[in-house]
Amino acid sequence: SGTLSLGQTGGSSVTGFAGWQCNDNASGAACALVATNSTLWLRLTDNANSRASTAFWTNRVEVSNPWTATFTYRTGAYNGPADGFAFILQNGSLTQVGSSGGTVGVDVFKPSVGTFINVYNNDSFGFILNGAKVNTINTANASFFQSGNVAFVVTYNGRGTLTQYATYNGTTVSASYSVNIAKTLGTGSAWIGFGGGTGGSRIEQ
């Protein structure tokens, strides 16, 4: 679950999840917008096996200029856990959902650019390019993300560098990836959103 704020230079901003399109492979059982303490949270997967979901804001966003996205990742009940989520920019459909498991629902989006975290076995993080995970980095703390309440900042400098920062309990991990978002997507605007997945193990997130 999480909240989202995306601000950009010379463009519109997105705050929260009001008006988002929620999709999943389980007839509404996984992806949901949940109001908690006056905050609307996005739940990507419930605590069940073989889930896949996506959620997108229903307005395209200019993504070629510099922008910053901030959101909080929280976890609930789990068994395992597995598998994680992705923050994604894509130029396809608002309603598609990819495969469950480690592809966290975003393998169908080609072209696409984004970031991901993995909570199966040793926690790791990295980037998404055309629906696939790239530049995977293991965290020193094997349960860094699955502990929940992780603050994320994702930035794009408008000149080909995408950076992900994640902070938990005073410790920050980060990585950068070279990618021209507009060139990869074939356009300067995109649908922004998230994908999530579980497999043989599971997590509410």
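**Close-up views of a predicted chain**

Of the 205 residues of the chain, 50% count as buried, where buried means under 20% relative accessible area, exposed over 50% and partly exposed in between, with a 1.4 Å probe and protein chains only. This is a predicted model, in which local features need pLDDT of at least 70 and side-chain atom pairs count only at pLDDT 80 or more, while totals for chains, interfaces and linings use all residues. Residues are numbered from 1 along each chain as its sequence is written, and side-chain values use heavy atoms, with hydrogens and water left out.

**View 1. The whole chain.** The secondary structure comes to one helix and 18 strands; helices (H or I, at least four residues) and strands (E, at least two) are DSSP runs, numbered from the N terminus. The C-alpha trace spans about 40 × 35 × 35 Å along its principal axes. The radius of gyration, taken over C-alpha atoms, is compared with a globule rule of 2.2 Å times the number of residues to the power 0.38. For 205 residues a compact globule would have a value near 17 Å, and the 15 Å of the chain agrees. Among contacts (heavy atoms within 4.5 Å) between residues at least 6 apart in sequence, 65% join residues at least 24 apart.

**View 2. Gln164 in strand E15.** Strand E15 covers residues 161-168 and includes Gln164. Gln164 counts as buried because its relative accessibility is 1%. Its side chain reaches the backbone oxygen of Gly126 at 3.1 Å. Beyond its neighbours within four places in sequence, Gln164 is in contact with several residues, among them Thr115, Phe116, Phe125, Gly126, Phe152, Val154 and Ser174.

**View 3. Trp20 in strand E3.** Trp20 belongs to strand E3, residues 20-24. With 8% relative accessibility, Trp20 counts as buried. The side chain of Trp20 reaches the backbone oxygen of Gly16 at 3.3 Å. Ala55 lies 35 residues from Trp20 along the chain, yet their C-alpha atoms are separated by 6.6 Å.

View 4. Strand E4 (residues 32-36) and strand E5 (residues 39-43) run antiparallel and are joined by five bridges; two strands pair if DSSP finds at least two bridges between them. Leu33 has Leu42 in E5 as its bridge partner. The hairpin has two residues between the strands, and Asn37 takes a positive phi near 50° there.

Definitions and conventions
Polar contact = N/O pair within 3.5 Å; in protein donor to acceptor, adjacent residues only side chain to side chain.
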